[in-house]
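Please keep the sequence and the model in view while reading.

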Amino acid sequence: MRNLLHATDRDRLIAHLRGALLREVTLGGRRLMALAEGDGPESGSFCAVPANAQAAELLAQPDIRDADPAFADGLLDFVMAMAEAPIPCRRAAAGGIEMLRDDPRDFEILTPFHRFTGDLSAGMVRQQLRGQGGPPMLHTGNLVEFRLGRFRNGVDAEDTIRDFAISRRSGSVVLSHESRITGKAGFFRARTVEAGRLRYEYEITAGSPLLRLTVTFTAAAGQRVTRLRVSTALDQLGSGGLEMAEGRLGQQDGAWRDFGVPQAAGMTVWAEAGPVPHVAIGPAGWPAGGPTLHLRPQAPGQVMSARAIAARPGALHWVILRHGPAKLAPGEALVVREDRLLAAGTGAAEAARVMAAAGATGDQLAGLDLDPLPPNGASLNAVATQLLLAARDGYRLPLPAERMTALEGWFDRQLAALQAGQPGLADLAFAVLAVEARLRAGAQPPLASLVAALLARQTPSGGFRDGPPGAGGRPATLAGHAAALLAMARALPHLDPLLLAGPIGRAIAAVKPGPAELSDGGRLVRLEGLALDGATPAPLRDHAEAIGLLARAAGTVALAGEARPEALPAEVLAQAQALHRQAVALLRPLVRPRGTALEVVPSPLGGTAHPAAQAAVVMGLMAPDAAILRLPLPRQAVPA
């Protein structure tokens, strides 16, 4: 397959990366350049590692890097730095807090990760993930319970608000509301007296996705309060398009207790006594990328109970944690602190680990989204590509020896970490590409074992599963399938063709012309094009990326087969060539002018261009693997 991109068009596509998407981020005090997930208000505030890694592989191509080595190397530096953060995370923040409306009754505040709206006079704080478009979480629904003498009292915190405000602190914004709490007291005759003041503060920080909640009850002068319990709650969890349905509770010994989808309306006691170190709430089945909310009390032993109320079968409505009991002298205060994390698909155990680390390491995780990222195959591939092309004198100016050493050391550490875990299909496939590149550069990484792990995930139908055998895992998306096909094609020159010919043929045959299902804001969308039978529906914004990867993969199969005619049957080569033509035909309408640059829209329905789609489409059209496959193979056995 030949390069289908004229150099002028290629440069215009690169110009969109360098222009509209380029940002500056700070990691551990170090300023780095990175590409935002889009140039719109929702996706332009954060930079994701997988997308930047795919763009870094593109920028490592000789003519592209020679034109702007600072840009190419800078993006690769960002990818490498993210992988070696105290806790590697998926995204870095680009920007700070933006106050769109500062009216406490109708505010709107943006951070790189979240949008906050609400009405503090009603004690309501709404929180949404930026770039997701889903319904908001509601931080509200609180109670306070106490005794004054012989009288037991319970008061709705939001019904008694007297003061509310938005205030600025260094690096943060605090949303607060305060209630004057009254109750019945007296020995012989009941009378209403002031019990104290109840204050809720929600602290929003520019460089962290954590929402820090502080609840303070201060007993009134001259008033003793006993059996005091304050709450931290969430309300309307099954309303307005939000479908939170399951819970996980952390135990003091590190174990987890699961609470499934409610089968009927009513209350479920999740915990009757503390300690409760972590509470996670998510949709039924905990779908990948679905919203998850995590509550982490700073004093787990102070939690008296955790309860969930369902207003109907299939969804939660209200979750409430009670903290106490406390006995307060006049003027004395009870203070409860809780960290909250709204994330896209972060599991309970992972969230517990990163939230604990964020509290322990402070500024070391500033600017990171706290979504843990396992060793990333695309990052390995980007580094390996630059190492290979530098070793084979592909660049006009050679890489300095110290940079080569740094890249090699980083690669070895990250490959070892990936092998020690259970990588997803895409990470495993890109790791195969990376190892193949290192082999061609004269290193001896374990290609055969990685390919064997990849082949073990293929199903009889030709598709792949995202997880290793025996671990379950969803069927692959079209993008994951394409990455696996590309990995097998690049490995073909190194291994016995009998090992790969059948899997390659089945993988190509599994992709057929027809309508593909994609998800968009909770609904399924059908697009005419190329479909993988039984695939997990991917987000609509991933359509162009998947087709670009498929064009590249099919073209590489054809190139590998032409270079080694005995390796693949003629019908498989013909199918690969046809699939390549079909994918390229689908890509052409997605490339559109934008000023003097060219951008790749994510799907025929439009959307905001993003780095993963831009890089995948450019690579799908320019056939970068052709030059790699032409390089002579090293004279050594392929390591297992």
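Strand β14 (residues 191-205) pairs with strand β15 (residues 210-219) in the antiparallel sense, over nine bridges. Strands here are DSSP runs of E with at least two residues, helices are runs of H or I with at least four, and both are numbered from the N terminus. Two strands pair if DSSP finds at least two bridges between them.

The model is predicted, so local features need pLDDT of at least 70 and side-chain atom pairs count only at pLDDT 80 or more, while totals for chains, interfaces and linings use all residues. Residues are numbered from 1 along each chain as its sequence is written, and side-chain values use heavy atoms, with hydrogens and water left out.

**The sheet**

Strands of a sheet pair through backbone hydrogen bonds, either parallel or antiparallel. In this model, an open sheet of nine strands has antiparallel pairing and the order β12-β13-β14-β15-β24-β21-β20-β17-β18. The edges are formed by β12 (161-169) and β18 (256-259); each has a single partner strand, so one side of each is left without a neighbour in the sheet. On average, neighbouring strands of this sheet are turned by 20° against each other, direction ignored.

**Two helices in contact**

Helix α4 (residues 69-83) and helix α6 (residues 377-391) have axes that come within 10 Å and cross at roughly 140°. Axes are lines fitted to C-alpha atoms, for helices over the stretch in contact, and angles run from 0 to 180 degrees between N-to-C directions. The two helices are therefore oblique to each other; angles under 35 degrees count as roughly parallel, over 145 as roughly antiparallel, 65 to 115 as roughly perpendicular and the rest as oblique. In α4, D73, L76, V79 and M80 meet S379, A382, V383 and Q386 in α6, where contact means heavy atoms within 4.5 Å.

**Two residues of helix α1**

Helix α1 (residues 7-18) contains H16, and L13 also lies in helix α1. Buried means under 20% relative accessible area, exposed over 50% and partly exposed in between, with a 1.4 Å probe and protein chains only.

| Residue | Relative accessible area | Class |
|---|---|---|
| H16 | 3% | buried |
| L13 | 1% | buried |

Not counting residues up to four places away in sequence, H16 touches several residues, including L21, D39 and R594. With the same exclusion, L13 touches residues including L5, V591 and V618. L13 and I161 are 148 residues apart in sequence and 54 Å apart in space, C-alpha to C-alpha.
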